[in-house]
Structure formats: structure tokens, C-alpha cells
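Me: I would like to learn how to read a few features of a protein model. Please take them one by one.

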Amino acid sequence: MPHIQQLPAHVADLIAAGEVVERPASVVKELVENAIDAGASAVVVEIRRGGMGLIRVTDNGCGIAPGELPTAFLRHATSKLRSAGDLGKIGTLGFRGEALAAISAVSRVEILTRQKDSGSGACLHLEGGVPGQVEEAGAPVGTTIAVRDLFYNTPARLKFMKKDSAETAAVAGLMQHLALSHPDISFKFIKDGVESLHTPGDGKTESAVYAALGRDFAKSLVPVEGRGGEVAVSGFVTQPLMGRGSRSMQVFFVNGRFIKSQLLTAALEEGYRNQIMKGKFPGCVLSVTLPVTEVDVNVHPAKTQVKFAREREVFDAVYHTVLDCLDARTAPAAPKSVQQAVNPRKDFFQTMDAKTYREQGAKPTEKPAPAAPARPAAPSKPARPVSGGLYTTSWDGEWRSTVQVADSVPPPVRPAAFRPLEKPAGAFGKPPASVTEKPVERPAPAPEKKPEPRAQASAEPELPKPEPSFVPAIPPEPQTTLELPEQQTIEEPKEAPWRIAGEVLHTYIICESGDGCVWLIDKHAAHERINFDRLKANLEPPMRQTLLRPIAAELTKEDGALLLENLSLLTQFGFACEDFGDGAILVREVPADINAEDTAPTLEEFAENLRAGRSLEEKRENLLHTMACKAAIKGGWTSDPAELRVLVEKVQSGEVKYCPHGRPVAVKLTKYELEKMFRRA
Ligand code: ADP
Ligand code: MG
């Protein structure tokens, strides 16, 4: 073994320099951070050959005293830190006192600087870290540092440099981040003589975003602002429908420092959960500000990572800020009266949860519906009571609303279940002939039994009578010729804040809102979302139906085994299953929302959900998606006007915006947009 000996100082410096100065972009980062720390309001960065030929950074900051110039280039020389105690409260971008030493160790540096109240400036030349003489020189206030021939004395590092174009791109990306993090500073970036970025430095993040990331991205953003405890969050995030293909447009700053953080990324993306399409990512320019004692920036030589003292608090602040602002933004601009009126009838068409069922289900008014002839296996199911208030809102130049309390609504003639179990009795959820591939037989009139008035309702006779037109007394006739359905204009009560103009392709509801907009609503997506939210909010297990004849679901052995392994989860979702041997599963009970004939496909999908989910939480969420989808009306089915109304109401009130997969539920066209299309405007 050779003897152990201490490395010569210049070799140690080169090794240390390697940590700080990895590539031209790291030099630019350190020099610009110094300029920012020096209080500059304008910074110009110029590079040639990807920064390998020249990097020149000019600022109008405080400058350096001539006598301190050589000191600035010594290792661990800094004006920003005095004691170990200061490390716990770093407010400047630099603090390690290493950058100038490291940069000058691996290049040829020239610095020209003048302080504000000094008559003349000074310059210094360094070669491989070895300084020349400080000389007096004429200079504007501020500092200019030119770095030439980077890595000229470290051939090993030089070999690893990428093409000039790749290094230029890295510097350009960095300049974007720097410009975004300091909208109050004007940044100019010139590469090979061509200006590629110039921000106004007017203090507005919007201006910096526009200049640095382009018009299209800027247009996709919405502002967000919030606070949780001592953590303030502000900036811009992309609208959910404008998700991006990667995370490259996620820009985070912590106390003005650009950083990469999985915690912040996770908090942002959690805010978009179920709002953004699968495979898409939100973009953002988000600034997190918290007391300097709550964040440790000294965890990475390049200072691109931080450690938060209270991670949960930071996560929550970002998550809630994003979520709240998205919710507020994406709600359609409904008049106040509509929003106020929404709450009393929130659960109007919801499936009763088990708790409500236990409390109300035994009442004589909720008689079991007659067994459906088309589905002999289906058990009897209590009619769903109508709960929640009835409201009407009208537009006649001014919005008016009337709210009727829940119990003033007598039970409708046909139980207002969102999707009746008995398909022939209710038009909702009825596939057209083209879907069933068989001509649909005209069913005999549904065996409608008028339920007794509810006990509570009859006990309060003074309450106003409901709108007779709200729930149609007679379900519309099922359509028999469905290839080219007649355009049906559905009558709406005059008071509605919107009007359903019709339904097309058995899938999209066309609706006109009082503010002169036309809406196209995907009925399946809207219903799926309603189901999803309801299922998610229900802490109680869902209502089940016991099948008269159990179903043996034939599955692959793998799927069968997977489901049997997760029996308790299936039970929570309303399925009572047992092993039927050879991959088959015997199903005795299914959730009330699921059609008995959908049992096997649902279980198949469940198996896929269980396979794909990485955590229990994710598996649960996947199962909820499947349940919500299976329980929803499908595009192509014929729907009842009353049911369409509920969907429209939920969309118009802003309660429903995206399907659980993040696809839009409604598309809105303003009057102006229509006029533009027809060249009227
Ligand atoms: P640090 O930024 O960590 O303090 P540096 O090696 O980057 O260490 O800089 C050393 C010192 O040189 C700084 O503390 C600062 O006082 C001075 N300095 C560097 N760049 C500038 C600049 N552009 N304007 C004014 N002072 C500067
Ligand atoms: Mg520095």
C-alpha cells in the first residue's frame, strides 16, 4: 500500500469544485444567485458554445469592495454567513462560500465590479484559481463576471460534457426557473449572440411566466393562493383539462429558491386527483414561503433540494390551496341564487345509504317495488325515498329562487330512484335496440303503484305543494325505433335557470343556461361522477340486494383467487361472495346500484383493479371507479327527462365537473363563441 498523505491544496480544490461545478448551467446558477443576493434588479446572462466558450453574468447589484475581491475567491469565503447558528436561518441563495472558488479553480475568470458609493471600480483576473493583481478600472455599479474555457484544466470532466446544444438547453431551462422565481428582477439571456429570454422585472409572476414559458402555457394557468399555518402558497397551476404529458412544467420555489421536491409534486398532484386525465400531469409555477427556520436548504451541494421541518404542514398547505382554488375556478359562473339553492337538495337523487335506510327503510311508505318481469333474479328493492329540498330558480333579467323544504315533496308517482332496479318500469338505464342488438319489445305499461304519502309529509299539510311538472306522472313511452330517434324537446318548468333543449345520440344533453350559454353534457360521465362522489362519501357500506337466485360468476382461476383473497374488501363494497371452485365465484348479494347481469363483468374488473392497485388505498379507489361506472347510465341508453334534469342540475350547480377519470363532463359554448363560429361576431 502506498503511504497516506494529504492532497495538495489545488487538487483538493479541483475535487471540491467538481461537486459544485458540474456543467455550464451550474456556473450560471451560482453566478446569478450571487447577483440576486447582491440585490440586483437587472441581470444579463450571456453564453457562447453552450457556456464552454464563455459565460458572462452582469448585474447592477451592490458590487464588491476592491480590497475584498481576492477573498471572495477563497474557499469558504462568504459575506452571508457568520456563525454555525446562522445555518439554521438562511435567507440568501448562497451561503456556502464555495462558488467563486470552485468556478475559478476550473476556468479562467475575469471580474469587474464597482460599489455604489465608490468613485471607481476594480478588476481581477484568475487562472485556474490563481489570482492576479487587483487593478482599478472604470465600471458601472454592479458586477460583471466572465468565465472562459470551463474545465480547461480538468480534461476528465471536459470529456463528459454533452454537445453544446444540450448544455445551452440546460442553461436556458435554468434561466426560465431563475426568471420565474424572481419576477421583480429583469432577466436577459443571450445565447451565441441571440436574445432568447427577456423578462420585464415588473414584479408580476404572470409577466415572468408569459416571457419565460410562453403564451400557450401562460394561458392554461389559473392563479392559486392559500395559507396553512405558517406556510404560504401562491402562484399558478394548469387547468385540469390542460394537463401536460410530463412533469417538466412543474416549477416549485421555496423561499424564492427553485427546488425539486417529491413532496411538493405529490401535494400538487393530489389536488388534481380525479380531475385530470390519466397519464397527464399538472403544470405549475408555485411559490412556497415559510419561516427560514422551518426549512433546511443545506442538504445538497447544488442547493436544489430542501428538507422541511414539518413536511405534513407543507403538504397540506399546497394540497388544500390547489384543491380549493381549482374547485372555486371550475364551478360554472352560476348566479348566487343557484348556488345557495343547491345545498338543500344535495342528496335529492342519491341512493339511500345504509344508515338512512335503517332509519327510514322500515316506514310503510317505502314499499318494495314489484319484481321486474325482465329480471326474475332481481330481488325486491325498497323504493328510494326522495330526500332533500326542491328548488326552482328563474331568470327574467334577474335570478329568483324558491326553495321548498324536503318534506314538502311528496313521493313521486314513480319512485325517483336514480336508476330503477326494474329496467322496464323506468326509462332510465334503458339501452336502445341498437345497444341490445335485439328489437326492444314494447313492454306493457309499468305496474305503477302510487306509494302512500310519507308520514312526515302528511303531518305537515301547511307546506306548499310541489311543482306538478317536476316529476312526470307518467314515465315517457319507451322508444321502439331507435335508429334515428326523433328530436324531443323536453318541457322544462319555466322557473329553471336553464332549459334542456334535448338529447342527442342518446348520450349528450343539450342545455341552455340563463346566461346565454349552450352546454353539452355527457350523461354517463356526469352520472358516473355523481355515483363516485356518493360512494366515496358513504362511510357506511352500500345498500345490498340479495339475489333470488345466486349467480355463479365464471372467472379465470387467477381472477377468482385474487377476489377470494380480498373477500373482505368485496364485502365492504356490497358483494357477498364465496368460493364456487375452479375460479368460479358464487355471488349471493350485490350492491343495490349494480344490475344483477353486470355482476360477472364487475367482478372481472374488480380483479383487474386489485391487480393494478399498489396500495390498499389505490385498490379501494379503483374499485370505487368501477362501481361508479357500472352503476351509471350508459351513453346510448334512453333516459327519462326527470333523470336528465338531475344530471343537468348537478352540472349547472358546479357540483359535477369531471368524471372520475378526469374527462370533462360538460362542454360549454358561450353565445359569443357561437356567434364567432357563424361569423356573426
Ligand atoms: P456565497 O454566495 O455562498 O457567499 P460565493 O463564492 O458565491 O459564496 O461568493 C463569495 C462572496 O462574494 C459572496 O458572499 C459575496 O459577498 C461576494 N459576491 C459574489 N458575487 C457577487 C456579486 N455578483 N455581487 C456582489 N457580491 C458578490
Ligand atoms: Mg454564491
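Reply: Helices (H or I, at least four residues) and strands (E, at least two) are DSSP runs, numbered from the N terminus. Axes are lines fitted to C-alpha atoms, for helices over the stretch in contact, and angles run from 0 to 180 degrees between N-to-C directions. This is a predicted model, where local features need pLDDT of at least 70 and side-chain atom pairs count only at pLDDT 80 or more, while totals for chains, interfaces and linings use all residues. Residues are numbered from 1 along each chain as its sequence is written, and side-chain values use heavy atoms, without hydrogens and water.

Me: At what angle do helix H18 and helix H19 pack?

Reply: Two packed helices are described by the angle between their axes and the distance between the axes. Here H18 (residues 599-612) and H19 (residues 616-630) pack at about 155°, with axes 8 Å apart. They are therefore roughly antiparallel (an angle over 145 degrees). Residues in contact, meaning heavy atoms within 4.5 Å, include Phe606 and Leu610 of H18 and Leu623 and Met627 of H19.

Me: Which value of phi does Asp192 have?

Reply: Most residues other than glycine have a negative phi, and most peptide bonds are trans. Phi of Asp192 is positive, near 45°. Asp192 sits in the loop between strand E8 (186-191) and strand E9 (194-198).

Me: Is Arg679 buried or exposed?

Reply: Arg679 counts as exposed, at 75% relative accessibility. Arg679 lies in the segment after helix H21 (671-677), and has a positive phi of about 55°.

Technical notes
Chains are lettered from A and ligands numbered from 1 in the order in which they are written. Angles under 35 degrees count as roughly parallel, over 145 as roughly antiparallel, 65 to 115 as roughly perpendicular and the rest as oblique. Buried means under 20% relative accessible area, exposed over 50%, partly exposed in between (1.4 Å probe, protein chains only).
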